[in-house]
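Work through the exercises below with the structure in view. Try each task before reading its solution.

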Amino acid sequence: MRAAASCARHTKDVCKANSGHPRGITAKCKDGSYSYSAHACGTCSHHRGVKYWYR
């Protein structure tokens, strides 16, 4: 796990700026899983949507 430098704007929930997450992650899904998706379209579509994005 690596600490996120910061989180991108998101629509729901609160993203903690220094929360740990696996390297290369672009988003955290609402079911708690992570996404490596390079594009927003379809990210976390089978995981109840995006909870928040990482920069």
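**Exercise 1.** Which side chain of opposite charge is nearest to lysine 28, and how far away is it?

*Solution.* This is a predicted model, where local features need pLDDT of at least 70, side-chain atom pairs count only at pLDDT 80 or more, and totals for chains, interfaces and linings use all residues. Residues are numbered from 1 along each chain as its sequence is written, and side-chain values use heavy atoms, with hydrogens and water left out.

Step 1: find the residue. Lysine 28 sits in strand 3, residues 27-29. Strands are DSSP runs of E with at least two residues, helices runs of H or I with at least four, both numbered from the N terminus.

Step 2: look for a partner. Lys and Arg count as positive, Asp and Glu as negative; His and the chain ends are not counted. The nearest side chain of opposite charge is aspartate 31, 8.7 Å away. A salt bridge needs a Lys or Arg side-chain nitrogen within 4 Å of a carboxyl oxygen of Asp or Glu. Lysine 28 has none, yet is buried. Buried means under 20% relative accessible area, exposed over 50%, partly exposed in between (1.4 Å probe, protein chains only).

Step 3: list the surroundings. Contact means heavy atoms within 4.5 Å. Leaving aside neighbours within four places in sequence, lysine 28 touches residues including Cys44, Tyr52 and Tyr54.

**Exercise 2.** Describe the disulfide, a pair of cysteine sulfur atoms within 2.5 Å.

*Solution.* Step 1: count. There is one disulfide. Cysteine 29 and cysteine 44 form it, with sulfur atoms 2.0 Å apart.

Step 1: Cysteine 29 lies in strand 3, and cysteine 44 in the loop between strand 4 and strand 5 (50-53), 15 residues apart. Both cysteines are buried.

Step 2: read the torsion. It is about -75° around the S-S bond of cysteine 29 and cysteine 44, so the disulfide is left-handed.

**Exercise 3.** How do tyrosine 52 and tyrosine 54 pair?

*Solution.* Step 1: apply the rule. Rings of Phe, Tyr and Trp (its six-membered ring) pair if their centres lie within 6.5 Å; planes under 30 degrees apart are stacked, over 60 edge-to-face, the rest tilted. The count is one aromatic pair.

Step 1: classify. Tyrosine 52 and tyrosine 54 are edge-to-face, 5.7 Å centre to centre with 85° between the planes. Both are buried.

**Exercise 4.** Which element has the lowest mean pLDDT, and which the highest?

*Solution.* pLDDT is the predictor's confidence in each residue, from 0 to 100. Strand 1 (residues 2-3) is lowest at 47, and strand 4 (residues 34-35) highest at 92. Where pLDDT is low, the predicted coordinates should not be read in detail.
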